[in-house]
Amino acid sequence: FAPWDDPNQKPLIQFQNVTKKFGTFTAIDDLSLDIYEREFFALLGPSGCGKTTMMRMLAGFETPTSGTIRLSGQDLGQTAPNKRAVNMMFQSYALFPHLSVWENIAFGLKRESKDKDAIAARVEEMLRLTRLGKFAKRKPHQISGGQRQRVALARSLAKSPKLLLLDEPLGALDKKLREETQFELMDIQEKTGTTFVIVTHDQEEAMTVASRVAVMDEGRLVQVATPADIYEAPNSVYVADFIGDVNIIEGNATPDGDRVRIDWAEGQPAIWGTAQKPVASGERISFAIRPEKVTISKEKPEDRRNLLEGEVIDIAYLGNISTFHVKVGNGQIIKAQSANTRRLANRDITWEDRVWLTFTETAGVLLEG
Ligand code: ATP
């Protein structure tokens with residue numbers, strides 16, 4: 001499933017050079033983006049980067065200052081909010097407290113149609129989809145938070161929107177329920193084939209549910225890619241740092257074929273990376289490497305090129321994995337993470353130990369600056 005790689009696929013949603021200003025403040029800055037049918041698309045970024053503004057423009061609560069947004073090729077600027085095949089599910093899901101689950105789901109349908117049988121059939125279908133059948137007669141206060149969330153979802157899907165917008169949909173749920181609900185959301189999204197666009201602060205959530213993730217910064221898209229590509233091949237220090245944990249080793253580049261030597265600290269051996277694009281001699285460059293790609297040991301490995309010596313100053317034990325914080329030559333802290341399997345020697349590594357850190361040239365990515 002990669003419609004974004006197929007030139008014959010027409011996007012469901014197209015942002016074309018969209019700018020949104022509030023007074024003199026630019027919230028969305030000349031942004032272009034395609035989202036495809038059946039995608040589960042996540043918008044990620046720090047507070048204030050413009051995620052909600054994107055959603056509100058799709059829903060029709062805001063209009064772009066310039067540029068166009070199309071849904072199935074049609075300019076949304078020409079379509080009233082209530083005529084759009086778009087629905088929005090809010091974080092503070094406002095269910096009607098005096099109506100039953102069944103009536104809550106039927107509410108929007110009743111406003112559009114008088115066909116009672118058709119409405120009942122659709123409500124039953126939604127109850128089955130969200131596994132709420134046995135709660136149909138209960139009022140919202142008689143069901144759990146997770147179940148209420150499913151009612152809100154059933155209600156927003158009942159009218160078969162082409163696009164469902166989810167703004168922090170699971171924000172009110174505790175971690176365990178949240179994780180369960182993520183899989184439920186994915187399952188329901190797949191069964192209905194509806195395109196979902198989700199805004200979340202939780203990067204793990206975005207990585208779990210999304211077909212593609214857009215990382216935003218100050219009203220712009222920094223990278224749009226699959227979760228694996230965002231993690232494995234971030235296009236900037238900003239993205240590498242925003243998603244997951246990363247070590248950034250910054251220094252001066254000396255290219256040697258497609259390999260690059262990085263002199264990063266006086267008196268420290270240089271490290272080596274592999275260049276994805278040409279690097280100029282003397283250019284400032286960052287080698288970004290995930291903690292789980294750094295191997296830690298008490299014995300000095302033989303013949304390793306990327307080898308740093310340091311002292312363990314902190315250990316975070318997380319049960320399945322441990323993260324070691326190691327202070328290397330120039331005072332920088334490098335994190336190394338490893339699985340706590342029985343065979344691993346990291347069990348004997350403790351605070352203040354002298355250790356060796358190694359990683360391969362291809363385990364990290366070279367980024368500008
Ligand atoms: P958060 O994660 O905190 O919800 P966000 O990424 O969703 O943030 P937006 O709500 O889209 O951010 O806001 C983007 C920027 O636009 C913010 O700086 C915000 O203050 C500004 N903004 C949003 N709506 C308005 C408005 N109606 N008037 C003026 N400024 C606004």
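Biologist: Domain bounds come from an automatic or database domain assignment, so which domains does the protein get?

Modeller: The assignment gives domain 1 (3–238) and domain 2 (245–368), with residues numbered from 1 along each chain as its sequence is written. This is a predicted model, in which local features need pLDDT of at least 70 and side-chain atom pairs count only at pLDDT 80 or more, while totals for chains, interfaces and linings use all residues.

Biologist: How far apart do the C-alpha centres of the two domains lie, and how many residues does the contact take from each?

Modeller: The centres are 39 Å apart, and the contact (C-beta atoms, placed from the backbone, within 7 Å) takes four residues from domain 1 and five residues from domain 2.

Biologist: OK, new topic: what is the strand order in the open sheet?

Modeller: The six strands, which are DSSP E runs of at least two residues, follow the order 6-7-8-3-9-10 with mixed pairing, where a pair requires at least two DSSP bridges. Strand 6 (86–89) and strand 10 (220–225) are the edge strands, each pairing on one side only.

Biologist: And how many bridges join strand 6 to strand 7?

Modeller: Four bridges join strand 6 to strand 7 (residues 163–167), and the two run parallel; within this pairing, asparagine 87 has leucine 164 of strand 7 as its bridge partner.

Biologist: Which strands does helix 4 touch?

Modeller: Helix 4 (residues 145–157), a DSSP run of H or I with at least four residues, packs on the sheet and touches strand 6 and strand 7. The direction of helix 4 makes about 170° with that of strand 6, using lines fitted to C-alpha atoms, for helices over the stretch in contact, and angles from 0 to 180 degrees between N-to-C directions.

Notes. Domains from an automatic or database assignment. Contact = placed C-beta atoms within 7 Å.
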